[in-house]
Amino acid sequence: MLNAEDKARIPATQQQILDAAISCVQRWGMERVTLNDIAYEARVARSTVYSYYSNRDEVIRSALLSSAYGFGEKLAAHIAQFATAQERVMEAIIFALKTLPDEPSLALISDSALSQMVREHTLTTPAGMDIGTALFQFILQDDRYTPEELAELSEFGIRFMLSLLTLESPHQHSDDELRGFIARRLLPAIGLPIPSRYDCFGRQP
């Protein structure tokens, strides 16, 4: 689904730096972490960090992208068991809502500074959009969508998921109630019909 070969090319030392960046942000918060902190945590020289990245923010952005890639692989493996695009969309959102808060790095999007970085410098970068586009191509499995349409759907779906993750709902939903909410609000927006069991308003033709 995603390009595993490219990820496999990351040297072990570079991966140490990425892991260290996430650990440092988790420990001290976005504003207090320095490049020296990351180098010390990774047990490498500051010059080694500079051999891969030009500044602290670039390290953190790369760490988030690497984590997003890994999460995308887990999500794809989970939704592969579902037969329809509608099911894959609903289950992808529910999987993300349940597992993202426990992901060591992606859980950081609850931090306001990190949330802004995720939105502006990770999800909307070409690499970030490629991950989302590949996921939506896997979810929809429909050759009629152009790459541009998939990218647009990916952005919309990610924004929808992030809103559910970061904004507290006034109502507590069971998993099935949440599936109904996703079915009625997200599926029509991306051009998919609402499954009849969730069409409580009877608006489907």
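Residues are classed by relative accessible area: buried means under 20%, exposed over 50%, and partly exposed in between (1.4 Å probe, protein chains only). The structure is a predicted model; local features need pLDDT of at least 70, side-chain atom pairs count only at pLDDT 80 or more, and totals for chains, interfaces and linings use all residues. Residues are numbered from 1 along each chain as its sequence is written, and side-chain values use heavy atoms, with hydrogens and water left out.

The largest nonpolar core has 38 residues. A nonpolar core is a set of buried Ala, Val, Leu, Ile, Met, Phe, Trp, Tyr and Cys residues joined through side-chain atoms within 4.5 Å. Helix 5 (56-79), helix 6, helix 8, helix 9 and helix 10 each give two or more residues to this core. Helices (H or I, at least four residues) are DSSP runs, numbered from the N terminus. Helix 6 gives the most to the core, with nine residues. Val89 and Ile182 have the most contacts inside the core. Val89 touches Ile139, Ile182, Leu186, Leu187, Ile190 and Leu192, not counting residues up to four places away in sequence. Contact here means heavy atoms within 4.5 Å.

The buried residues of helix 8 include Met129, Ile131, Leu135, Phe136, Ile139 and Leu140. Gly128, Gly132, Thr133 and Ala134 are also buried. Just after helix 8, Gln141 takes a positive phi of about 50°.

The structure holds seven salt bridges. A salt bridge is a side-chain nitrogen of Lys or Arg within 4 Å of a carboxyl oxygen of Asp or Glu. One of them joins Glu91 and Arg179 (2.6 Å, N to O). Glu91 lies in helix 6 (residues 85-99) and Arg179 in helix 10, so the pair ties together parts that are 88 residues apart in sequence. Both Glu91 and Arg179 are buried. Arg144 and Asp142 also meet in a salt bridge (2.6 Å, N to O). Arg144 is exposed, at 71% relative accessibility, whereas Asp142 is partly exposed, at 22%. Asp57 pairs with Arg56, the closest N and O atoms being 2.7 Å apart. Asp57 is partly exposed, with a relative accessible area of 27%.

A search of the whole structure finds three aromatic pairs. Rings of Phe, Tyr and Trp (its six-membered ring) pair if their centres lie within 6.5 Å; planes under 30 degrees apart count as stacked, over 60 as edge-to-face and the rest as tilted. The ring centres of Tyr52 and Tyr53 are 6.3 Å apart and the planes lie at 45°, so this pair is tilted. Tyr52 is partly exposed, at 31%, and Tyr53 is buried, at 4%. The rings of Phe160 and Phe181 have centres 6.2 Å apart and planes at 25°, so this pair is stacked. Phe160 belongs to helix 9 (residues 147-166) and Phe181 to helix 10 (residues 175-185), 21 residues apart. Phe160 is buried, at 13%, while Phe181 is partly exposed, at 30%.
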